[in-house]
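Visitor: I am new here and would like a short tour. Could we talk it through in questions and answers?

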Amino acid sequence: MLNAIYFYRVSRWLYLHHIPVLPKLITLLIFLIYNSKIPYQAKIGRESTFGYGGMGVVIHSKSIIGENCTICQQVTIGGGNSRFPGVPVIGNNVYCERFYRYGWYNNRKQCYNRSKRSRNQTSSR
């Protein structure tokens, strides 16, 4: 079934093969169909998936997402600010329900922040 990750992979392939206009059009199509911002400049690893087709997912254009990751609906993987500079780097085998801060996550750790207690349980570098 077609979902946002499929359209992302097509636009990423076109971008890497220096085809100029089509990746931008496909990114616009992703926004119109799935209400998601998944830019072709972001690096998303093999076998990574979006929950519910990627509805409402927002990813920073310089983000790096590892292989075999699951990103649920309504997740924002955004850039930093003056307090947390840079962009997110998510490692392999990560399940993201919610993601609000900058960090590195690996090996099926859940990267979500619902309370101060859960923030302390997730590891960041």
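Guide: Let us start with a term: a disulfide is a pair of cysteine sulfur atoms within 2.5 Å. Please also keep in mind that this is a predicted model.

Visitor: Which cysteine has the sulfur closest to that of C72, and is that sulfur within reach or too far for a bond?

Guide: A disulfide needs two cysteine sulfur atoms within 2.5 Å. The closest cysteine sulfur to that of C72 is 8.1 Å away, so it is too far for a bond, and it belongs to C96.

Visitor: How many disulfides does that rule give?

Guide: C69 is in no disulfide either, as its nearest cysteine sulfur, that of C96, lies 6.7 Å away. By the rule, the number of disulfides is zero.

Visitor: Is C69 buried or exposed?

Guide: A residue is called buried under 20% relative accessible area. C69 has a relative accessibility of 1%, so C69 is buried. With a relative accessible area of 12%, C72 also counts as buried. For C69, then, the word is buried.

Visitor: What share of the residues in the protein chain is buried?

Guide: The protein chain has 125 residues. Those with under 20% relative accessible area count as buried, and their share is 40%.

Key: Residues numbered from 1 in each chain as written. Predicted model: local features only at pLDDT ≥ 70, side-chain atom pairs only at ≥ 80, totals over all residues. Heavy atoms only, no water. Buried < 20%, exposed > 50% of the residue type's maximum accessible area, 1.4 Å probe, protein only.
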